[in-house]
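The sequence and the model are shown first, and the description follows.

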Amino acid sequence: MNDDISGRGDPLKSLKLLWEGTEPPKRGPRPKVELMALVRAAIDIADAEGLSAVSTRRVAEKVGISPMSFYTYIPGKAELLDLMLDTVSGIEIGDVPEFDPREWRANIMLMATGLRDFYLRHPWVLDLASHRPVLGPGTMSSYEFALRVVDGLGLTPVEMDLVVTTISAFTIGAARPQAQARKVRDATGLSDNDWWFTIEPYLQTVDYSLYPVAQRIGPIVGELYGLGDADMAFKFGIERLLDGFAVLIERKGKA
């Protein structure tokens, strides 16, 4: 089980670094690298090798400073994780389009699809327990983006936040097995089809009479998409959530 937790370090130090950066020394030599160079280096390592590969030593070596020099920029790995999560989550607010509330279904689908793509680009974020959000500029910009998507629909502030929370929770649930599937394929060197063909001959010998519904449904879906179609499942789930939101929005409009 992964023990890396966002928010484990000193939250005030993390926030100060995110919002204010590092203070230049009043005396002595100037820093050799920028704070964000360390954070970006850590993100690159995590993207390529996973969160377990990130250490203060690896990050320091990647940017060309000594391991001990790392701590003159960032107190420790706990705060580094906070900075990584907030930085990678950031959205350029100036580039956010004006969302037409009449196109709210398409807008939410755009948000959900973008969020899933984000998790698949940075699967280590799924491994980083983040119950306590790091309220830096990156996190706030992504939250602002999500709220703009559901603004103007007649929802209360709490309902707006809950819609965003629901979409986020569903998207995390959809992205996690897809990221895990990629990890399994890389680790085993077997595609899903290769794995299936390996076990299929034995499965043909099993008596499934105790599982009549599974026996009826399994071959149909197996023929259609094997071990699963992540895109189909994601789209189906989001559309069902949108159907539910439509009832809420219509009800609010008639109130």
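Arginine 58 and glutamate 49 are joined through their side chains by a salt bridge, at 2.8 Å from N to O. The term denotes a side-chain nitrogen of Lys or Arg within 4 Å of a carboxyl oxygen of Asp or Glu. Arginine 58 is partly exposed at 31% relative accessible area, and glutamate 49 is likewise partly exposed, at 46%. Here buried means under 20% relative accessible area, exposed means over 50%, and partly exposed lies in between, with a 1.4 Å probe and protein chains only.

## Basis of the description

The model is predicted: local features need pLDDT of at least 70, side-chain atom pairs count only at pLDDT 80 or more, and totals for chains, interfaces and linings use all residues. Residues are numbered from 1 along each chain as its sequence is written, and side-chain values use heavy atoms, with hydrogens and water left out.

## Other salt bridges

Side chains of opposite charge can pair when their charged atoms come close. By the rule above, the count comes to 10 salt bridges. One of them links lysine 16 and glutamate 20, at 2.7 Å from N to O. These two residues are 4 apart in helix α1 (residues 11-20), so about one helical turn separates them. Helices are DSSP runs (H or I, at least four residues) and strands likewise (E, at least two), numbered from the N terminus. Lysine 16 is partly exposed, with 38% relative accessible area, whereas glutamate 20 is exposed at 56%.

Another salt bridge pairs arginine 116 with aspartate 231, at 2.9 Å from N to O. Because arginine 116 lies in helix α5 and aspartate 231 in helix α11, the pair ties together parts that are 115 residues apart in sequence. Arginine 116 is buried at 9% relative accessibility, while aspartate 231 is partly exposed at 46%.

## Helices α5 and α8

The axes of helix α5 (residues 104-121) and helix α8 (residues 157-188) come within 9 Å and cross at roughly 40°. Such axes are lines fitted to C-alpha atoms, for helices over the stretch in contact, and angles run from 0 to 180 degrees between N-to-C directions. Residues of α5 that make the contact include Ile108, Met111 and Arg116, and those of α8 include Val163, Ile167 and Gln178. Contact means heavy atoms within 4.5 Å.

Glutamine 178 belongs to helix α8 and is buried, at 17% relative accessibility. Apart from neighbours within four places in sequence, glutamine 178 is in contact with Arg116, Leu120, Ala230 and Asp231.

## Surface and loops

Leu190, Trp195, Trp196, Phe197 and Leu227 form a nonpolar surface patch with about 500 Å² of accessible area together. Patches are made of residues with over 30% relative accessible area and no salt bridge, like charges being joined within 9 Å and nonpolar side chains (Val, Leu, Ile, Met, Phe, Trp, Tyr) within 5 Å. Accessible areas come from the Shrake-Rupley method with a 1.4 Å probe, and for residues only the protein chains shown count as cover. Leucine 227 is placed in the loop between α10 (212-225) and α11 (230-254), and is partly exposed at 47% relative accessibility.

Glutamate 98 is found in the loop between α4 (77-89) and α5. Its relative accessible area of 76% makes glutamate 98 exposed. Glutamate 98 and leucine 81 are 17 residues apart in sequence and 32 Å apart in space, C-alpha to C-alpha.
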